[in-house]
Amino acid sequence: VDPSAAVPRVKIFNWQLGRRLPGTGSGGSSIPSTLHPSQVAEDAGTVYLAPEIHLDPDSDGEAQDIFALGSMAYFLFSGRPPAETPLEATRKVISQQGLDLGSVADGAPQALRELVRVATLPTVHDRYSRVRDFLVQLSAVEEEFTRPESDALVPPLDAKPGDRIAHDLIVKSRLGSGSTAV
């Protein structure tokens, strides 16, 4: 994200980190409480990967994508990676029952906290079942953030484009100036 840009532009890179890592293939559907020491030394991008990928490379790819989306949302809304190491990420996910955005972002709305938490739950079958479900919830969170604070009516002479001047009237544009050109 470039904060100095007039319009924020998000760049996602190293997407190939969503790969399947070699593992023992335990076949379980929840995250173990331990990792092999070699997994702690992985590059920084692995903290966004679903922890179960380390033990079961054949686990559900969509569940892993959902976890990664939740982890990236955690980063985008908090400005911090979920953890410094994969081991720390696993511990955090287990202890918090998913990543808790509220633990690092004071005042994070409950709907946003729930979006991230459900996407990163430690038990695979408890997460959103499809990426589409995650995106629907993300749209609901966006709607909550962008919804006007109130449906208060604005006096017509003070109205700007987008303001509501009557129950069923929203200003699209101003026609000009003067007493007859609202």
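**Helices, burial and a nonpolar patch**

Me: Which residue follows H3, and is its phi positive or negative?
Reply: H3 is followed by Gln97, and the phi of Gln97 is positive, near 55°. The model is predicted, so local features require pLDDT of at least 70 and side-chain atom pairs pLDDT 80 or more, while totals for chains, interfaces and linings use all residues. Numbering starts from 1 along each chain as its sequence is written, and side-chain values use heavy atoms, without hydrogens and water.

Me: Which residues of H3 are buried?
Reply: H3 spans residues 86-96, and its buried residues are Pro86, Leu87, Ala89, Thr90, Lys92 and Val93. Buried stands for under 20% relative accessible area, exposed for over 50%, and partly exposed for values in between (1.4 Å probe, protein chains only).

Me: And what share of the chain is buried?
Reply: Of the chain's 182 residues, 34% count as buried.

Me: Changing topic, how many helices and strands are there?
Reply: The chain has five helices and two strands. These are DSSP runs (helices H or I, at least four residues; strands E, at least two), numbered from the N terminus.

Me: In what order do they come along the sequence?
Reply: The pattern, read along the sequence, is α-α-α-α-α-β-β.

Me: Which residues make the nonpolar surface patch?
Reply: Phe75, Leu76, Phe77 and Phe145 make a nonpolar patch of about 380 Å². Its members have over 30% relative accessible area and no salt bridge, with nonpolar side chains joined within 5 Å and, in charged patches, like charges within 9 Å. A salt bridge has a Lys or Arg side-chain nitrogen within 4 Å of an Asp or Glu carboxyl oxygen.

Me: Which helix gives the patch its largest share?
Reply: Helix H2, residues 61-78, contributes three residues, the largest share of the nonpolar patch.

Me: Where is Phe75, then?
Reply: Phe75 sits in helix H2. Its relative accessible area is 34%, so Phe75 is classed as partly exposed.

Me: Now Arg132: where does that residue lie?
Reply: Arg132 belongs to helix H5.

Me: Is Arg132 buried or exposed?
Reply: Arg132 counts as exposed because its relative accessibility is 56%.

Me: How is Arg132 placed relative to Ile66, and what separates their C-alpha atoms?
Reply: Arg132 and Ile66 are 66 residues apart along the chain, and their C-alpha atoms are separated by 9.4 Å.

Conventions:
Areas by Shrake-Rupley, 256 points an atom, 1.4 Å probe, with all protein chains shown as cover.
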